[in-house]
Amino acid sequence: MTYHWSLVCSASDEKHDASGLPTVSSLGEPWLVAYDTKPHPDTKALLPSRPWNMWRYREWMPLAPDEKPVTLGEGCTPLLRAPSLERGTGVATVWIKDEGQNPCGSFKARGLSAAITRATHAGAKSFVIPTAGNAGVALAAYGQRAGAEVRVYAPRSTPPRIVEQIELFGADLHLLDGHIGDCGKAAREHAVASGAFDMSTLREPYRIEGKKTMGIEIAEQLGWSLPDCIIYPTGGGTGLIGMWKAFNELREAGWVEGKLPRLYSVQSTGCAPVVKAFEAGALATEPWPDPETIAYGLRVPGPLGGKIMLRYLKECGGKALAVSDEELQAAADRIGVREGIDMCPEGGAAVVALEKLVLEGSIESTDSVVVFNTGAGWLYR
Ligand SMILES: *Cc1c(COP(=O)(O)O)cnc(C)c1O
């Protein structure tokens with residue numbers, strides 16, 4: 001099999017070919033996918049005739065020409081104008097990218113569709129994941145779709161609806177005391193003991209490529225142009241890393257021109273390792289003690305992608321900021337009433353961040369802004 005990509009260590013020049021089941025580099029750092037060719041801008045003309053899911057960008061994806069993806073129709077989510085946010089902030093153009101409309105109710109579908117596709121092509125038949133919730137639902141569903149076995153480790157505090165969904169999709173669910181870091185230890189032990197493939201965030205290279213499609217999709221939805229700012233709730237960081245990778249790849253291939261968006265990473269004040277490191281000018285995050293937040297997707301005390309996120313946030317001219325649980329839940333509820341969009345608490349955090357960034361002058365009224373709702377609110381209620 002020949003592949004049109006290889007892997008490059010995110011922290012060194014080390015390279016790896018695309019075959020097999022790669023995990024992390026010899027430094028223990030995440031791999032990034034590097035493509036041999038840049039898709040020609042004429043390829044845009046092929047898009048309308050393709051199936052309506054994220055694999056329509058297949059030239060940008062880790063998929064050989066004769067391979068079929070494991071798909072549930074992920075991606076192609078709406079980009080919705082948000083008049084109440086435009087009125088409230090004075091910013092002329094605000095969109096909400098509603099990732100809650102993905103299969104399994106969150107953007108985790110994109111990452112796991114890509115990761116399961118590669119891993120099953122490489123022969124994996126059994127998977128394990130530590131999760132704050134949504135990644136477990138998505139792995140359970142995509143695992144079934146691929147005919148594989150799935151084990152999920154989640155904190156006992158995981159919302160009941162998410163637990164029901166993981167069970168609905170037939171995964172072997174283990175609820176543990178503690179947070180996602182504790183679940184990660186259990187998942188790694190199980191992987192070593194059983195040979196199951198570990199789907200933890202950034203411990204395999206392909207979830208980023210799935211999340212990357214959010215960036216390509218925004219560009220297509222805006223007629224192959226990009227917004228000035230993107231506000232993104234950050235836990236493990238795959239979305240932030242994936243989108244910045246997408247924008248750079250699109251520009252290098254000549255699909256978009258001009259300045260790339262400033263990315264703003266938002267966390268909860270109860271677990272804000274990226275914000276703390278960014279504000280200190282540090283190159284790496286430090287583990288956050290006692291992470292506590294109702295925005296479960298943001299409860300990641302020691303993200304493996306910390307160094308990459310900090311580098312990218314600096315490169316794009318954005319920043320990281322934290323908001324409180326009270327603020328983010330109130331914002332999610334407000335958007336439900338004012339916009340008819342069922343926001344998850346993490347999406348609420350992005351709304352509060354928009355308001356704060358406008359007040360402090362980081363975002364101006366002439367900027368165009370995309371706010372991410374990363375999941376459906378009903379999963380948490
Ligand atoms: C996982 C998750 C996040 C954090 O995503 P990353 O891209 O890994 O930072 C945010 N919101 C929701 C709803 C999630 O499930």
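# Aromatic pairs and a helix crossing

Visitor: Are Trp-5 and Tyr-206 buried or exposed?
Guide: This is a predicted model, in which local features need pLDDT of at least 70, side-chain atom pairs count only at pLDDT 80 or more, and totals for chains, interfaces and linings use all residues. Residues are numbered from 1 along each chain as its sequence is written, and side-chain values use heavy atoms, leaving out hydrogens and water. On relative accessible area (1.4 Å probe, protein chains only), under 20% is buried, over 50% exposed and in between partly exposed. Trp-5 and Tyr-206 are both buried.

Visitor: How many aromatic pairs are there?
Guide: Rings of Phe, Tyr and Trp (its six-membered ring) pair if their centres lie within 6.5 Å. By this rule, the count of aromatic pairs is eight.

Visitor: What is the arrangement of the pair Trp-5 and Tyr-206?
Guide: Planes under 30 degrees apart are stacked, over 60 edge-to-face and the rest tilted. The rings of Trp-5 and Tyr-206 lie 6.4 Å centre to centre, with 85° between the planes, and the pair is edge-to-face.

Visitor: How many residues apart in sequence are the parts that this pair ties together?
Guide: Trp-5 belongs to strand S1 (residues 5-9), whereas Tyr-206 is in the loop between strand S9 (197-198) and helix H6 (207-221). Strands are DSSP runs of E, at least two residues, and helices runs of H or I, at least four, numbered from the N terminus. The separation, in residues, is therefore 201.

Visitor: Which residue forms an aromatic pair with Phe-127?
Guide: Phe-127 is buried, at 1% relative accessible area. Its pair is edge-to-face, with 6.4 Å between centres and 80° between planes, and the partner is Phe-197.
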